[in-house]
Amino acid sequence: MRRYLLRRAGQAVFVLWAAFTLSFLILYLLPGDAVSAKLASGEAGSSATPEQLAAARAEYGLDSPLPVQYLKRLVAALHGDFGRSVATGDDATHMVVTALPPTLTVTGPALVFAVLFGGGSAFLGTFTRFRWLRQALLSLPSLAISLPPFWVGLLLIQFFSFRLRLLPALGTQGFSALILPAVTLALPTGAIIGQVLAKSLATQQEQPYAEIAAAKGASPLRVHFGHLLRNAAVPALTVAGVVAGNLVAGSVITETVFSRDGVGRITAAAVTAQDVPVVQAVIVLAALVFVVLNLVVDLLYPLLDPRIARTPEAVPHG
């Protein structure tokens, strides 16, 4: 187990390094840069002299060769320093850390809604004996995953805010303001969880142990919940660990649609301005969330299947 945990820790370090390196290369391959955009949109306008541009680029370390810039940023990032935002001049790490709590306020309930929606539709769809209800429930994840999140958000606003006037369309005050953005964020994630869990439950229903448990007098609910779900939950948990990390990425659309502050809003603004320090801080944060969630999932596997604790190499990876 110790060797397994060390290997997973090494993989986590590699994921963070790869996220930082790829984001650095992609952002610097884009035409233009944040300094040029800032000077062009500032008071100097298009009349900024080459000397002014060179001084600004030197101020942000953009005048050095690309390998030197990469090494300097990598060493600084190891200390949690991603530099200053070119657009605002604020510390990029502080900007992302400050914007994280409002995003977590939405992604937390969204993850709960996703598990309830995906798990509930899969469990009830494979448990019911009514063919029409089974088909309806099992088709919900496919329908949800095919709908664009921004369209779902606008539809929810139109129906629940403007027509029924039950929930606020914008704002951050109170739990009611979290419901619509959380549901919008939860639908695609819950749909993936539901599809995997439903398929896994259907596979477990065909296993001999299910018939043996029923023959011993166990009720259909006990067989489904106590036996099938326990074994079917392992693949679904693997997928949940992967897609839950996408909630941070999905917040870009959700926070824009519902005019909420958070990591998504500053990411959209930073990408538009080619603000490399802020974008890199967000990307590394998203990678860190992904790594932590997958590590938590790995630690939960033995609770569902004690055999995994004896053979950790058999843990499925996302």
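**Note on the predicted all-helix model**

1. Thr189 has a relative accessibility of 5%, so this residue counts as buried, the limit for that class being under 20%. The model is a predicted one. Thr189 sits within helix α8, which runs over residues 176-205. Leaving aside residues up to four places away in sequence, Thr189 touches Ala114, Val243 and Leu247.

2. On the overall fold, the protein chain has 14 helices and 0 strands. Of its 318 residues, 40% are buried.

3. The largest nonpolar core deserves a point of its own. It holds 21 residues, and those that touch the most other members are Phe20, Phe82, Val96 and Val278. Helices α1, α4, α5, α12 and α13 each supply at least two residues of this core. The largest share, 7 residues, comes from α13.

4. Phe20 may be examined in more detail. Residues up to four places away in sequence being set aside, its contacts are Tyr70, Arg73, Leu74, Ala77, Phe82, Gln280 and Val284. Among these partners, Phe82 is, like Phe20, one of the core residues that touch the most other members.

5. The largest pocket has a volume of about 330 Å³. Its lining is made up of 16 residues, of which Leu16, Ala77, Phe82, Val284 and Leu285 are the closest to the centre. At least two lining residues come from each of α1 (2-29), α4 (66-78), α5 (92-127) and α13 (276-304). In terms of class, the lining has 14 nonpolar and 2 polar residues, and no charged ones. Ala77, Phe82 and Val284, which are among the residues closest to the pocket centre, are also among those that Phe20 touches.

6. Helix α12 covers residues 263-273, and its buried residues are Val263, Gly264, Ile266, Thr267 and Ala270. Viewed down the axis of α12, these residues fall within an arc of 165°, and therefore they line one face of the helix. As background, an α-helix has 3.6 residues a turn, so residues three or four places apart point the same way. Just after α12 comes Gln274, with a positive phi of about 55°.

Key: Residues are numbered from 1 along each chain as its sequence is written. This is a predicted model: local features need pLDDT of at least 70, side-chain atom pairs count only at pLDDT 80 or more; totals for chains, interfaces and linings use all residues. Side-chain values use heavy atoms; hydrogens and water are left out. Buried means under 20% relative accessible area, exposed over 50%, partly exposed in between (1.4 Å probe, protein chains only). Helices (H or I, at least four residues) and strands (E, at least two) are DSSP runs, numbered from the N terminus. The arc is that of the directions from the helix axis to the C-beta atoms. On a 1 Å grid over the protein atoms alone, a cavity is a set of points where a 1.4 Å probe fits but cannot get out, and a pocket is an open set with protein on both sides within 12 Å along at least five of seven lines; lining residues have an atom within 4 Å of a point. Grid points are joined across faces, edges and corners, and a volume is the space filled by probe spheres set on the points. Ala, Val, Leu, Ile, Met, Phe, Trp, Tyr, Cys and Pro count as nonpolar, Asp, Glu, Lys and Arg as charged, and the others, Gly among them, as polar. A nonpolar core is a set of buried Ala, Val, Leu, Ile, Met, Phe, Trp, Tyr and Cys residues joined through side-chain atoms within 4.5 Å. Contact means heavy atoms within 4.5 Å.
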